[in-house]
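Biologist: I have a model open and want to go through a few local features. Can you take them as I ask?
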Amino acid sequence: MWIYEKKLQYPVKVGTCNPMLAKFLIEQYGGADGELSAALRYLNQRYSIPDKVVGLLTDIGTEEFAHLEMIATMVYKLTKDATPEQLKEVDLGAHYANHDKALFYHNAAGVPWTASYIQAKGDPIADLYEDIAAEEKARATYQWIIDMSDDPDLNDGLKFLREREVVHSQRFREAVEILKEERDRQKIF
């Protein structure tokens with residue numbers, strides 16, 4: 001089903017070790033509106049979505065896994081040279097005690113990822129509105145992380161991800177209109 005190219009969707013560069021920024025960025029790794037939640041949400045919803053838009057959920061869900069890989073790379077690069085003391089200073093001591101510097105699906109507050117973050121109502125239009133909201137929340141989170149970052153190299157990758165959220169939101173909005181038009185079309189028997 002997938003062809004995996006051994007390269008990131010967009011280059012990830014990090015200027016310096018910055019565990020605090022990594023802590024904020026982990027929100028997009030294992031948070032409610034992060035890339036894992038988005039990928040699983042869309043790939044799950046596609047089973048109850050009309051054929052006219054099912055490919056959209058497959059395409060975007062797959063792309064979200066590529067974004068997850070970018071986030072993982074960013075977090076790794078931001079923490080790989082950090083000392084245990086630096087991690088403790090930014091309140092990542094508990095993470096270090098449990099996982100060393102390995103990535104783990106949790107949000108910026110340390111709360112583990114849960115399936116309750118993803119929704120599937122079974123009503124295609126309701127699900128697509130959920131998806132639009134998820135993309136807009138992710139876009140906002142990326143912007144807030146960019147606002148807190150002083151790393152222009154990292155910000156380049158974050159801006160790419162933020163703009164992809166905008167594109168996904170637009171595509172989901174188009175899908176809603178396609179399904180509304182189909183629903184509202186006069187049926188002649």
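Biologist: Is Asp 100 buried, partly exposed or exposed?

Modeller: Asp 100 is partly exposed, with a relative accessible area of 43%. The classes are buried under 20%, exposed over 50% and partly exposed in between, with a 1.4 Å probe and protein chains only. Note that this is a predicted model, where local features need pLDDT of at least 70 and side-chain atom pairs count only at pLDDT 80 or more, while totals for chains, interfaces and linings use all residues. Residues are numbered from 1 along each chain as its sequence is written, and side-chain values use heavy atoms, with hydrogens and water left out.

Biologist: Where is Asp 100, then?

Modeller: Asp 100 sits in the loop between H6 and helix H7 (124-148). Helices are DSSP runs of H or I with at least four residues, numbered from the N terminus. Phi of Asp 100 is near 55 degrees, a positive value in a residue other than glycine.

Biologist: What about phi of Asp 91?

Modeller: Asp 91 is not a glycine either, and has a positive phi of about 65 degrees. Its place is the loop between helix H5 (84-89) and H6. Asp 91 is exposed, at 58% relative accessible area.

Biologist: Changing topic: how many cavities of 30 Å³ or more are there?

Modeller: The count comes to 1. On a 1 Å grid over the protein atoms alone, a cavity is a set of points where a 1.4 Å probe fits but cannot get out; a pocket is an open set with protein on both sides within 12 Å along at least five of seven lines, and lining residues have an atom within 4 Å of a point.

Biologist: What volume does the largest cavity have, and which residues are closest to its centre?

Modeller: Its volume is about 140 Å³, taken as the space filled by probe spheres set on the points, which are joined across faces, edges and corners. Of its 14 lining residues, Val 75, Thr 79, Leu 92, His 95 and Ala 102 are the closest to the centre. Helix H1 (19-25), helix H4 (51-79) and H6 each supply at least two residues of that lining. By class the lining has 8 nonpolar, 3 polar and 3 charged residues. Here Ala, Val, Leu, Ile, Met, Phe, Trp, Tyr, Cys and Pro count as nonpolar, Asp, Glu, Lys and Arg as charged, and the others, Gly among them, as polar.

Biologist: And the largest pocket, what volume?

Modeller: About 340 Å³. It has 12 lining residues, and those closest to its centre are Ile 3, Tyr 4, Glu 5, Ala 66 and Glu 69. The lining divides into 6 nonpolar, 2 polar and 4 charged.

Biologist: Which helix gives the most to the lining of the second largest pocket?

Modeller: Helix H6 (residues 93-99), with 4 residues. That pocket has a volume of about 190 Å³.

Biologist: Last topic, packing. At what angle do H4 and helix H8 pack?

Modeller: H4 and helix H8 (residues 152-184) pack at about 165 degrees, with their axes 11 Å apart. That makes H4 roughly antiparallel to H8. Axes are lines fitted to C-alpha atoms, for helices over the stretch in contact, and angles run from 0 to 180 degrees between N-to-C directions. Angles under 35 degrees count as roughly parallel, over 145 as roughly antiparallel, 65 to 115 as roughly perpendicular and the rest as oblique.

Biologist: And H4 with H7, at what angle?

Modeller: About 25 degrees, with the axes 14 Å apart. H4 and H7 are therefore roughly parallel to each other.
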